[in-house]
Amino acid sequence: MTDHHTYGTNTHTADELVRLVSDRLGLVFTERDSDYRGVYHLAGSPNGWIEIQRNSIPGDDGEDDLYAPEHSSAQVLLLTTTPTPDPALHARLGSLEGLIHLNHETV
């Protein structure tokens with residue numbers, strides 16, 4: 001079983017959210033660049049990983065696309081993946097001002 005959560009914000013830029021989450025959770029994010037996703041930030045922990053990225057990503061036609069079109073109102077996304085549910089992690093993320101829980105999926 002894998003537990004996925006999606007959060008979104010219009011309050012913070014991706015870089016600001018990286019700093020806030022780093023401070024709150026004590027994680028170190030690495031900036032990555034992908035042709036598909038654009039620039040995103042990844043932090044691993046013993047219990048999974050967290051990714052932060054802009055929802056607007058480079059499109060094939062020179063126009064930006066949305067990484068998560070179902071959450072088109074969110075400018076920045078925070079994605080968590082853990083092997084099992086982690087209520088403590090989500091309580092800490094939920095306490096960040098301007099960060100809204102958008103989706104949860106267990107596969």
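In what follows, Ala, Val, Leu, Ile, Met, Phe, Trp, Tyr, Cys and Pro count as nonpolar, Asp, Glu, Lys and Arg as charged, and the others, Gly among them, as polar. This is a predicted model, in which local features need pLDDT of at least 70 and side-chain atom pairs count only at pLDDT 80 or more, while totals for chains, interfaces and linings use all residues. Residues are numbered from 1 along each chain as its sequence is written, and side-chain values use heavy atoms, with hydrogens and water left out.

**The largest pocket**
- The largest pocket has a volume of about 230 Å³.
- Of its 14 lining residues, His 4, Thr 6, Leu 79, Asn 103 and Glu 105 are the closest to the centre.
- β1, β7 and β8 each give two or more residues to this lining, and β7 provides the largest share, four residues.
- By type, the lining divides into four nonpolar, seven polar and three charged residues.

**Asn 103**
- Asn 103 sits in strand β8 (residues 100-106).
- With a relative accessible area of 32%, Asn 103 is partly exposed (between buried, under 20%, and exposed, over 50%, with a 1.4 Å probe and protein chains only).
- Beyond its neighbours within four places in sequence, Asn 103 is in contact (heavy atoms within 4.5 Å) with His 4, His 5, Thr 6 and His 71.

**Helix α2**
- Leu 89, His 90 and Leu 93 are the buried residues of helix α2 (residues 87-94).
- They cover an arc of only 90° around the axis, so they lie on the same side of α2 (the arc is taken from the directions from the helix axis to the C-beta atoms).
- Their cover includes β1 (3-9), α1 (14-25), β4 (48-54) and β7 (76-82).
- Exposed Pro 87 and Ala 91 are on the face of α2 turned away from its buried side.

Methods. 1 Å grid on protein atoms, 1.4 Å probe; cavity = no way out; pocket = protein on both sides within 12 Å on 5 of 7 lines; lining within 4 Å. Points joined across faces, edges and corners; volume = space filled by probe spheres on them.
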